[in-house]
Every structure is written in structure tokens, then in C-alpha cells.
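Visitor: Bring up the model, please. I have a few quick questions.

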Amino acid sequence: MSKTRKTKAKRARPAAKAKGRTTKKSREMAVAATAESMAAKQRAISISEFFAKNRHLLGFDNPRKALLTAVKEAVDNSLDACEEAHILPELVISIKPVTESKFVLTVQDNGPGIVKQQIPNIFARLLYGSKFHSLKMSRGQQGIGISAAGMYGLLTTGEPVQIISRTNPKKNAHHYHVQIDTTKNKPEVVLDEQCDFELSTGTNVTITLEGKYQKGRKSVDEYVAQTAMANPHAAIIYHAPDGSNYEYPRQTKEIPIPPREIKPHPYGVELGLMYKMARDSSAKQLSAFLQNEFSRVSLRVANQICEKAKLRKTLRPSRMSLKQAEALHTAINETKIMAPSTDCIGPIGAEQLEEGLKRVVDADFYTASSRSPAVYRGNPFLIEVALAYGDKSSGGNGDPEKEPLMRLIRIANRVPLLYQQSACAIYKSVLDINWRNYGLSQSRGALPTAHVTLMVHMASVWVPFTSESKEAIAHYPEVVKEIQLAVQECGRKLGMYLRKKKRIQQEMDKRRYIETYLPYIGEALQDILTLKQKQVNTVVSRLKRVLEKSRKI
Ligand SMILES: Nc1ncnc2c1ncn2[C@@H]1O[C@H](COP(=O)(O)OP(=O)(O)O)[C@@H](O)[C@H]1O
Ligand SMILES: [Mg+2]
């Protein structure tokens, strides 16, 4: 009995290993590794090697998206640089097809230009930038944008990134060709010369890359249009690959108030981070540490926190124990601290947002709302929303009467987000709202169906993106809540408009109904009271007037 079981087991798993030994077959295939042989292979991975292999993390997963991402990174930088230098941005975006799958992308701006020595690192080294270490609202964050686009171009076409930049009207521009050495994450300069440049200051970046141009919802065309909408202070000229030219003139000469760099707000700063900040701090006393390292902490508030935490004001932060940090952390969240100041975030503004929407959708009703700043994990942010109802050109598969799904435009720090809608906190927040309360029909787990365009903007000193490709916002409960409150406010106004519209419609219907019968009433009266035709006419017109008056009321 036991014998048969054994043979059966053998037959079923011919390549099975006896414990600790390999079978002959697998030994032929590979030599077993030892800790030493494994150690010989273990080494650090350069960030550029990592992202060259995982380019999807940066938004270069397919040729269509890659083209968009490259445009986006260059445009983000141009707008950021202009705003930082208080210059009204003038951008020229041009995409020339070389073959069906190869394009030459050029983005030119009238920004401050880039200092010569920095050009190689900026364009051919990942994780090199000016924005990562500061809490300030900007489009770029990670210092990985434009260099990743350049690396993608190099990997797919072998062409280096070309840069022309001028920082001083009295001096020549610099012309560089640079490429990234991915194993070292270091730039290689292929060409370095001086040249003429049509602008007194500014930057012109050219990347040759593999891509795919396709019109539609997630196209470069759409991205540029939405960018113009979210940046009414920018003038943008766009030469599309198919030969069409688009010009988006500037809508306002007001440069967005340059956002200020801020310290983190104490609410929501995680314990571990706060502990590290304390240990690294050169402040001599706890009270000073709280006031210096965080925003909105005055002497009074600092003292209150210390008292609540049962810690001495004079405690040296660098000698703090984890237990003390814990007490401090709890005390902070129990103390009333003023909300972060608004001037560190530059919202587009509810009015501007509504205006922007009017530029792209032709609707019957528009409304907008904006919230005051809130905080997630110590980072201030602000949500603003605009809504348009009744745009017959939108959706419905070309049938203007068929109700399409709501169109959602997501924007983060003035950058339109076109991909990963369903992974985004904005989408989830909008989905979880009961739109039937506002007079729209909605199936479970779906966006409402109506000719509605909803634009949601999150402005923050640090937008919590779900990945480096910056396509979707992470679901922080504080963020979701604020989005919902802002959207609901627009929803309520929409609901009011729709109810009023319905009431008017019903009244009109009634009126039409009565009007149809008025002549018959006249005839009947003529019969009963034997009136003359003239008297009938007077009665009918008087009744009509009464009807008219009641409608006005
Ligand atoms: N067109 C430009 N004009 C001026 N400075 C620029 C321009 N493009 C990039 N830079 C500088 O290069 C840095 C790196 O850019 P990037 O790799 O896109 O990272 P990030 O934008 O996240 O900081 C920016 O922080 C900025 O200081
Ligand atoms: Mg950038």
C-alpha cells in the first residue's frame, strides 16, 4: 500500500526536489547560487537605470502617452520658470512628425533662462531640480520631469536633448546637446557652443522621441486647450503634428500671485517626521523649535502645546525621546492652531475658472465655488470647482438629446490631468456624491449622466500624486472631503437652477394648454350669454392678459 503511494507521488512530480538537493535536470539548467556568488552581483541601482526600465512610472508607457508626457514636462517647466521670475508667459509648442512614430518636440518660453553650468544636470540627470526640497506651489516637484523626457527620447531615437537658453539680453545664448549616461545618472555633453536667440531671455528645448499623435480626449491638443484654460495669464501658440495651428491668447495680464514658500503646518505632520525634525533641529529650546520649524505657531501656541504635552519649554529638541515626541504629537493635534495662510497657494480663482470654462464649453448655466485652504499631512491645499450645464455639443455619441456621462476635467496646480481618471481622488469624490439630489440621473457607481462639464482644481504646496507620472491624486480623506464640499456647493446651485427651469417649463406647458382652450371658452360664453363677437374678443384677450400677469408673478 505504502509502495504504490510512493510511486504515484513520483510520477506526479517528476522534477520534485528532495529536501536540500536538486534533481539532475535542474542542476543542468543552473548552478545553485551561494551567498557569496549572490553578493558578487549585488550593487546599487542608478536611478536612471531604474526609471529606464520602469518608464511607465513616469508616464512613458505607450507612444501616445509618451508624447503627451514630454510636452507636459516641458510646458510645466516653462510656466513654472516664468511665474517664478514674474514674467507673463509666452509659449510656443511645436511638434513636427519625422515619421509616423517619430516626432521632434520643441517648447520655447520667454522665462528667465537657465544658467549655463546647470543645463547638463537639468536635462540629463534624474532627480535634479529646484523644487523638491521646498514647500511651495509649483507644477514640478520631483526634479525628474524634463530629464526623464530627454532620457526617453534618447532611448527611443538615440538623439540627444537640444537646449538653447539665454539668461542675459546683453550676452549670447548657449546652445547645448546633452544626453544622459543611464548607468551613472550623469550628463554627457555632446555639443556646447554660443548662438543667437530671438528672445532676450528664455529657453528652447527640443526632444526627438518615439510617439503617436492621435486626436481626442487624451490628446496633446486637449492638454494644450485645458492648459490655456487653467492658465489664463499665459499666451500659448501650438503647432500640432497634423499641420493645424492653435493660438490661445492671454485672457488676463495678472500674473498669479507668486506663491510663497512655507514651513509645514503642524496639523497632520506624522510622528516619525516630527521626531526627525526635532532630532535634526539646531534650536536650543522646544518652544523655539515649534515656532521656527512650523507655520502658524506663535509663542502663545507653542507654550500651549508644551503645556498640554507636559514637556518643558526649555527642553532641547535634539535630545528629545520618542516618547516625548509622541506626547508632543498628540498635544499638537489637540491644540487649536490657525489654518495655514492662503498666500502660499495660488488658486486660479472661482471667477477665472468659470471664465475659462466659458471659453471651451457653450452651455446654458455656469457656476463656480472655491473652498478656503485646508491641510493634509501638514500641507496646505485648496479646492476650487466650476460647473457648466447644458453643453449640447458634449458627448451623447453625437446625439444631442442623448444624455452623456458627466465630463470631468481634473487639474492639479494648474496642470490638466488626462490619464488615470478612475484612480484619482477627484473622480472618487465626484462619484460618491448623490447627484440625484441635484436633479441629475445617476446609476450606482458611475458618474451622473447629463450634459455637464465639471472642472476641479487642487492647488497645493505638495500635490499627493499616486505616482511619479503625476496623473492621479491620492485619496487622502481630508482632500476627498474638501473636493466633495466644493463640488456639492456647485451641485446645490445646479439643483436650484434645474428646479427653477422645471417649474418654468411646467408653467409654460400649463399656459400653452390654457391658451389652446381660450377660444373655445369664448365660444362657450358666446353660446351661454349670447355675446356679440366683439364682446367675445374682449373677454378672450382679457383672460389672456390675466394669464400673462399670473406668469410674471
Ligand atoms: N524652461 C526652463 N526655464 C528655467 N528653468 C528651468 C526650465 N526647465 C527646467 N528648469 C529648471 O530645472 C529644474 C529641473 O526641472 P525638472 O527636471 O522638470 O524638475 P522639477 O520641475 O520637478 O523641479 C527646475 O526645477 C527648474 O529650476
Ligand atoms: Mg518639471
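Visitor: Which residue of β8 stands opposite H239?
Guide: N245 in β8 stands opposite H239. Strands (E, at least two residues) and helices (H or I, at least four) are DSSP runs, numbered from the N terminus.
Visitor: What am I looking at, experiment or prediction?
Guide: This is a predicted model: local features need pLDDT of at least 70, side-chain atom pairs count only at pLDDT 80 or more, and totals for chains, interfaces and linings use all residues. Residues are numbered from 1 along each chain as its sequence is written, chains are lettered from A and ligands numbered from 1 in the order written, and side-chain values use heavy atoms, without hydrogens or water.
Visitor: Back to β7 and β8. Parallel or antiparallel?
Guide: Antiparallel, over 4 bridges, with β8 spanning residues 245-248. Two strands pair if DSSP finds at least two bridges between them. I237 has E247 as its bridge partner in β8.
Visitor: How many residues sit between the strands in that hairpin?
Guide: There are 5, and G243 takes a positive phi near 95° in this hairpin.
Visitor: And how does β1 run against β7?
Guide: β1 (residues 90-99) and β7 (residues 235-239) run parallel, joined by 5 bridges. L91 has I236 as its bridge partner in β7.
Visitor: New topic: ligand 1. Where does ligand 1 sit?
Guide: In the largest pocket. A pocket is an open set of points on a 1 Å grid over the protein atoms alone, where a 1.4 Å probe fits, with protein on both sides within 12 Å along at least five of seven lines. To sit there, more than half of a molecule's atoms must lie within 2 Å of the pocket's grid points.
Visitor: Which elements give two or more residues to the shell?
Guide: α5 (63-84) and α7 (145-157). The largest share, 3 residues, comes from α7.
Visitor: How many residues surround ligand 1?
Guide: 19, and N77, D109, S130, K131 and G143 are the closest. The cut-off is a heavy atom within 4 Å.
Visitor: What do the oxygen atoms of ligand 1 approach?
Guide: An N or O atom in the N77 side chain is 2.8 Å from one oxygen atom.
Visitor: How much of ligand 1 does the protein cover?
Guide: 91% of the 540 Å² of accessible area that ligand 1 has on its own, by the Shrake-Rupley method with a 1.4 Å probe.

Terms used:
A polar contact is a pair of N or O atoms within 3.5 Å; within protein, one must be able to donate a hydrogen and the other to accept it, and residues adjacent in sequence count only if both atoms are side-chain atoms. On a 1 Å grid over the protein atoms alone, a cavity is a set of points where a 1.4 Å probe fits but cannot get out, and a pocket is an open set with protein on both sides within 12 Å along at least five of seven lines; lining residues have an atom within 4 Å of a point.
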